[in-house]
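Please read the following report alongside the sequence and the 3D structure.

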Amino acid sequence: MPDLGLDVLFKGKNMLRLLGGLWVAVRISLISVALSIPLGILLGIVMTWKNPVTKTVTRIYLEFIRIMPQLVLLFIVFFSSTRTFGWDISGELASVIVFTAWGTAEMGDLVRGALISIPKHQYESGAALALSPFQTYFYIIIPQTVRRLIPLSINLVTRMIKTTSLILMIGVVEVLKVAQQIIEANRMSSPNAAFGIYLVVLIMYFMICWPISMLARYLEKKWR
Amino acid sequence: MAEVLLKVKDLVKQFDGGTVLDGISFDVRRGEVIVVVGSSGCGKSTLLRCINALEPIQGGSVELGGEPVVYGSKNLARMRQQIGMVFQSYDLFPHMNVIDNILLAPLKVQKRNKSEARAEAMELLKRVGLEDKAESYPRQLSGGQKQRVAIVRALCMHPVLLLFDEVTAALDPEMVREVLDVMLDLAGQGRTMIIVTHEMQFARAIADRVLFIDNGKIVEDSDPDTFFESPKSDRAKQFLNIFNFERSK
Amino acid sequence: MNWDFILKYLPLYETAALLTVKIGLIGIALSIAVGFLCAAALYFKVPVLRQIVIVYIEISRNTPLLIQLFFIYYALPKVGVAMSAQFCGVLGLAFLGGSYMAEAFRSGLEAVEPIQNESALSLGMERSQALRYVILPQAVSISVPAFVANIIFLLKETSVFSAISLMDLMFTAKDLIGQYYKTTESLFLLVVFYLIILLPVSILGSYVERRLRYAGFGS
């Protein structure tokens, strides 16, 4: 059995440190998702307006955010905020800004899709039953959109968590950075630590994302 | 009397523990038109699917011209070439135009000569009044037109037996007639057919024999006049009553 | 904006963009092959292989590419599997993309109505003929939009390659920011180059999707 560098994990507080790093990434995604959902709903509603100005502005926003790699967006916010505005924002703040902007765009598009996918006769049959527009919205339209949206927003959470791995690249100390530090510190005593540590980091991400994906898939099936 | 073409013997079909067909036996002679009726869920569509071996069966046998038709067997594709089947809907291939739909199997399965097969296809299309639709795609056709193409597609394989599975059930009333007319025409040519339908007047007009299926069993097997005028069983009487209305005022 | 700086470093970005495109294209081509095989294994319920494919898809879809690359590039050499950075990049992208392509093909196959297969069989076709002439052409055209979306997704994912010290666009931009503090110019070039790579694919994608959605066969 070759040395897989697994022993390093159990040395000192290494495992706890890794989990702490993971928490940094998860915390950033949770904050971003919490901000993205209300902002996304707002954006989604605005996107269904017929006003040409809001249509164009929201469209450009959406297209730009979605076409750029998230890492490019991180670079733009992280590096140019200092330069342009003289703010020295931390990597964590830059990450929350970028992921919220991205999550809002994705969520907004989902909300828009859900809203326009409700057939017109649903509104009409509400009106035919003499419900007020508010009642129609509250009892007929919103319950249908929510069912479509919940699995998709849960999927957004896993995508968000996977994407937070990128914040390493703008110097945030998260799980990968902690992993690098541990590997570096044990370079002499345990030269193969990279295998065990990176394997564990891979498993950690999987253990978080997989159950969430399963939940989304389950709800999608149940509510179809 | 003409020879027996299709022999169904003690056919049993079960789905998830439930028995859909429970010992069905009947013969079809060459040139006969059999209409199968019964309430929905009685297993009449399943019967057609079993004859064409689209479903595995749990007991009994199906023989066409003395040769068994067995689900999963090696010669199944060859046996199926002799059985034409038209479904309720959606069975034209949407990515091919009408003529390609019709010619796909004659060319790829029977390896027939293209110009000869095409000439035959055009002739058949003309017969059902669709010679100008040869280059159209299924989505450009009405439901009635699609079903007429599906019939032509089946005919072009030169089947000895035709199966029709509620082919007008999904159509608007004004399109039902054009499809039924094509089927009447085929009956007039002496084709052997088994038809599942809810159109009772049509059934009476076209059938040589009517099979009434209830609870997976053949309850009546008689000529159409006997069946529609004086059915023997209570179940058949109840079933036929569904189609009668009395004035409410 | 310092245009002299931009002109001076343009060639550097060009080289980097070519590397991104090269690894991206090879990785995507492999993803398609992997995805096709996996979808086939799932569709035909091939024993054993099917279970392996399911596990692979779950791992691939529920872990970030960056970590997959770290594992391939930094961890595998410790157990004797050492590969060049470029090869690792291609491998990582194919590992990630294979599962996304598999899902696209699979949902295309499942979207074809079972009656299509049955009516092909009832015309006397063998299963393989029904698949080739009836099922596959429909499945492929149904999966095209998801397929294009995956290509864009994978091209975007190539931005993490600098983490395994490949000199791609991100690497070049970061390098120039670090060396010369020309942040605006470096980022401007970065955005422009990614737009040059991604915009055409995106436009093609929405064109294809619109055609398939509003028209379909026969128009």
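## Chain interfaces and a sheet

C:Glu58 and A:Arg217 form a salt bridge in which the closest N and O atoms are 3.0 Å apart; a salt bridge here is a side-chain nitrogen of Lys or Arg within 4 Å of a carboxyl oxygen of Asp or Glu. For the interface of chain A and chain C, the rule finds 1 salt bridge. Helix H2 (52-67), helix H3 (70-85), helix H7 (175-185) and helix H8 (193-222) of chain A each supply at least two residues of the side that touches chain C, and H8(A) gives the most, with 12 residues. Helices (H or I, at least four residues) and strands (E, at least two) are DSSP runs, numbered from the N terminus. Sorted by class, this side of chain A has 25 nonpolar, 6 polar and 5 charged residues, where Ala, Val, Leu, Ile, Met, Phe, Trp, Tyr, Cys and Pro count as nonpolar, Asp, Glu, Lys and Arg as charged, and the others, Gly among them, as polar.

This is a predicted model, in which local features need pLDDT of at least 70 and side-chain atom pairs count only at pLDDT 80 or more, while totals for chains, interfaces and linings use all residues. Residues are numbered from 1 along each chain as its sequence is written, chains are lettered from A and ligands numbered from 1 in the order in which they are written, and side-chain values use heavy atoms, with hydrogens and water left out.

The table gives the buried area, that is, the accessible area (1.4 Å probe) that two parts lose on being put together, summed over both.

| Interface | Buried area | Share on carbon and sulfur atoms |
|---|---|---|
| chain A and chain C | about 3,400 Å² | 75% |
| chain C and chain B | about 2,100 Å² | 62% |

Between chain C and chain B, the count is likewise 1 salt bridge, in which the side chains of B:Arg49 and C:Glu118 meet at 2.6 Å, N to O. Helix H5 (114-122) and helix H6 (127-157) of chain C are the elements that give two or more residues to the side touching chain B, and the largest share, 7 residues, comes from H5(C).

Chain B also holds an open sheet of 4 strands in the order E2-E1-E4-E5, with antiparallel pairing; two strands pair if DSSP finds at least two bridges between them. Its edge strands, each pairing on one side only, are strand E2 (18-29) and strand E5 (67-68) of chain B. Strand E1 (residues 4-15) and strand E4 (residues 59-64) of chain B run antiparallel and are joined by 5 bridges, and B:Val62 in E4(B) is the bridge partner of B:Val8.
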